[in-house]
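Subject: Structure handover

Hello,

Here is the structure I said I would pass on. Please open it alongside this email, as the notes refer to residues and elements by number.

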Amino acid sequence: MDDTTVSWFGWMHNLSLPLAIVFILPWLYVLLILSSVPYLHLCNWYRARWPSQCSDDEFWDSARRLMASIWNLHSKLFHGYEVTGLEHLPQDGSALIIYYHGALPIDMYYLTAETMLRRNRLIHTVGDRFLDMIPGWRLVSRIMKVTAGSVQSCVETLRAGELLSIAPGGVYEAQFGDNGYEVLWKKRTGFARVALEAKVPIIPMITVNIRECFRTMSLGKWLFIRIYDVLKVPILPIYGGFPVKLRTVLGDPIPHDESLSPEALQEMVALAIGRLIKEHQRVPGDILQAIGDRFDSVQSFRKG
């Protein structure tokens, strides 16, 4: 092998290694999420084989809190995760959390863990139907209260006094949003009908730098949009897993107003999300600056 061939292989290695890393890292997060599947199935097997004196609610609450502790540790180490406005979540009673959907909604896992540990409340979550295709996921959905969520089932959850989170943009916003942080809800008003029927306040939410943590490929996006319109499953490649600063911002609650139509309420909430983005998020987002935000936070903490 001559020097030219060695040089070419070295150049290709140096080029491909970082590219491989940024596409492999998201799968490490996915594996962390999927680790919930064998863990909860093991808990379920243990519960069935050795029934204890505690109730089912107490048993599964302990299992959830262990998961929350792991996720909370992960959020602090990888992203210096913080929550601003947690006091806007009621200590008791219901509220509907409406959030901007990043390429991978890691922030919703982090917020759920933070809320369980700091407020002792579990956030019920509306997830996409394709999650049920994951082997073993149905038990995770049942224990962690993740559901595809019809309007009526969401209303019942809120009337039961629970917290519920919905990303109106769903998979579409996750796949085809970018670092411009444009709200991609189309004409979806289901969440607004839920809030009006359940008569609950809406809490708008964004997570700063969520689009810098994970991104989707922009090359050939038009083709992927057409494929998604047919299949309704996420197929656009995700890359990232960058150690950026993540900070979830919960805005002021939007109180129930029965005079509003679902369309008017949807527009009001979209504007509230837009204001949070304008106030807290650098647009367009920049990965290196988002990583630098972690050091700014450390310096601010030390000065404080």
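The notes below go from the whole chain to the sheet, then to the helices and the aromatic residues.

**Overall**

Please keep in mind that this is a predicted model. The protein chain has 12 helices and nine strands. Of its 304 residues, 45% are buried. Among contacts in the chain with a separation of 6 or more, 83% are between residues 24 or more positions apart.

**The sheet**

Seven strands form an open sheet with mixed pairing, in the order β1-β9-β6-β2-β5-β3-β4. β1 and β4 (146-147) are the edge strands; each has a single partner strand, so one side of each has no neighbour in the sheet.

Starting from the β1 end, β1 (residues 82-84) pairs with β9 (residues 247-250) in the parallel sense, over three bridges. E82 has R247 in β9 as its bridge partner. β9 also pairs with β6 (residues 202-208), this time antiparallel and through four bridges. Here T207 has T248 in β9 as its bridge partner.

Further along the sheet, β3 (residues 123-126) and β5 (residues 163-166) run parallel and are joined by three bridges. The bridge partner of I123 is L163 in β5. Two helices can be described together with these strands. α8 packs on the sheet, where it touches β2, β5 and β6, and its direction makes about 165 degrees with that of β2. α6 (residues 151-159) lies across β2 (95-99), β3 and β5, and runs at about 145 degrees to β5.

**Helix against helix**

Besides packing on the sheet, α8 (residues 190-198) packs against α11 (residues 262-280), with an angle of about 105 degrees and axes 8 Å apart. The two helices are therefore roughly perpendicular to each other. On the α8 side the contact involves F191, A192, R193, A195 and L196, and on the α11 side P262, L265, Q266 and V269. By class, these are seven nonpolar residues, one polar and one charged.

α2 contributes S36, V37, L40, H41 and N44 to the contact, while α5 contributes W137, L139, V140, R142 and I143. The contact of α2 with α5 divides into six nonpolar, three polar and one charged residues.

How much of α5 is covered? Mostly: six of the eight residues in α5 are buried. The buried residues in α5 are W137, L139, V140, S141, I143 and M144. Of these, W137, L139, V140 and I143 also take part in the contact with α2. K145 follows α5 and has a positive phi, near 60 degrees.

I33 is in α1 (residues 3-34). Is I33 buried or exposed? Its relative accessibility is 9%, so I33 counts as buried, the cut-off being under 20%. Leaving aside residues up to four places away in sequence, I33 touches W71, Y109 and W137. One of these, W137, is a residue of α5 that is itself buried. Another, Y109, is 76 residues from I33 in sequence, yet the two are 8.7 Å apart in space, C-alpha to C-alpha.

In total the structure holds nine aromatic pairs. One of them is F59 with W60, an edge-to-face pair at 5.1 Å centre to centre, with 85 degrees between the planes. Both F59 and W60 are buried.

**Where to look**

- α8, which touches β2, β5 and β6 and packs with α11;
- α5, with its contact to α2 and K145 after it;
- I33 with W71, Y109 and W137.

Regards

Technical notes:
Residues are numbered from 1 along each chain as its sequence is written. This is a predicted model: local features need pLDDT of at least 70, side-chain atom pairs count only at pLDDT 80 or more; totals for chains, interfaces and linings use all residues. Side-chain values use heavy atoms; hydrogens and water are left out. Axes are lines fitted to C-alpha atoms, for helices over the stretch in contact, and angles run from 0 to 180 degrees between N-to-C directions. Angles under 35 degrees count as roughly parallel, over 145 as roughly antiparallel, 65 to 115 as roughly perpendicular and the rest as oblique. Contact means heavy atoms within 4.5 Å. Ala, Val, Leu, Ile, Met, Phe, Trp, Tyr, Cys and Pro count as nonpolar, Asp, Glu, Lys and Arg as charged, and the others, Gly among them, as polar. Two strands pair if DSSP finds at least two bridges between them. Rings of Phe, Tyr and Trp (its six-membered ring) pair if their centres lie within 6.5 Å; planes under 30 degrees apart count as stacked, over 60 as edge-to-face and the rest as tilted. Buried means under 20% relative accessible area, exposed over 50%, partly exposed in between (1.4 Å probe, protein chains only).
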